[in-house]
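I am opening my notebook on this structure and will write down, entry by entry, what I looked up.

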Amino acid sequence: QVQLVESGGGLVQAGGSLRLSCAASGSIFSVIAMGWYRQAPGKQRELVAVLTSGGSTNYVDSVKGRFTISRDNAKNTVYLQMNSLKPEDTAVYYCNLQSWDGRRKYEYWGQGTQVTVSS
């Protein structure tokens, strides 16, 4: 079983910064990608940033230039550095891990961490 434990959420004023962490543990096969999604009240969950095993990154347009995703392979931990935060970034942020065992793809989710940006 794979567990994803997130930390780093909280309340911050607009313009501030937060760093989210997601530590993966358990029987992890070959990691395809790790990323962050978010879901604001009344909205669908959306991809924020993803980092593939090959080092490629992808960001939703609204966070480009402000958020940076990175990974510590030795710790199986992915980070999301969020700068210049805006009230519209307020959401529950979820960590996501996709892996492959040679036959099928697996997908895991963290429990979510609340990020609230006040104006």
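Entry one, on M82. I began with this residue in the predicted model, and, leaving aside its neighbours within four places in sequence, I found M82 in contact with G16, S17, L18, L20, R66, F67, Y93 and V115. I then looked up the largest nonpolar core, which has 29 residues, and M82 is listed with W36, L80 and Y93 as those with the most contacts inside it. I noted beside this that nonpolar side chains tend to be buried together in soluble globular proteins.

Apart from neighbours within four places in sequence, L80 touches L18, R19, L20, W36, V48, A49, F67, T68, I69 and Y93.

I traced an open sheet of four strands in the order β1-β3-β8-β7, with antiparallel pairing. The strands at the edges are β1 (2–7) and β7 (67–72), and each has a single partner strand, so one side of each is left without a neighbour in the sheet. From one strand to the next, the twist averages 15 degrees. Between β7 and β8, which run antiparallel, I found six bridges, and R71 stands opposite V78 in β8.

I placed N96 in strand β9, residues 91–100, where N96 is buried with a relative accessible area of 2%. Which residue does the side chain of N96 join through a polar contact of 3.0 Å? I found that the partner is the side chain of E107, and among the other residues in contact with N96 are L4, A33, M34 and W109.

The structure holds three aromatic pairs. In one of them, F29 and Y106 have ring centres 5.7 Å apart and planes at 35 degrees, so the pair is tilted. This pair links distant parts of the chain, since F29 lies in the loop between β3 (18–26) and β4 (30–39) and Y106 in strand β10 (residues 105–109), 77 residues apart. The rings of Y106 and Y108 have their centres 6.4 Å apart and their planes at 5 degrees, so I recorded that pair as stacked. Ring pairs thus link F29, Y106 and Y108 into a cluster, in which F29 is partly exposed at 43% relative accessibility, whereas Y106 is buried at 18% and Y108 is buried at 16%.

How values were computed
Residues numbered from 1 in each chain as written. Predicted model: local features only at pLDDT ≥ 70, side-chain atom pairs only at ≥ 80, totals over all residues. Heavy atoms only, no water. Core = buried A, V, L, I, M, F, W, Y, C linked by side-chain atoms within 4.5 Å. Buried < 20%, exposed > 50% of the residue type's maximum accessible area, 1.4 Å probe, protein only. Contact = heavy atoms within 4.5 Å. Helix = DSSP H or I, 4+ residues; strand = E, 2+ residues; numbered from the N terminus. Polar contact = N/O pair within 3.5 Å; in protein donor to acceptor, adjacent residues only side chain to side chain. Pairing = 2+ DSSP bridges. Axes fitted to C-alpha atoms, helices over the stretch in contact; angles between N-to-C directions. Phe/Tyr/Trp six-rings, centres within 6.5 Å; stacked < 30°, edge-to-face > 60°.
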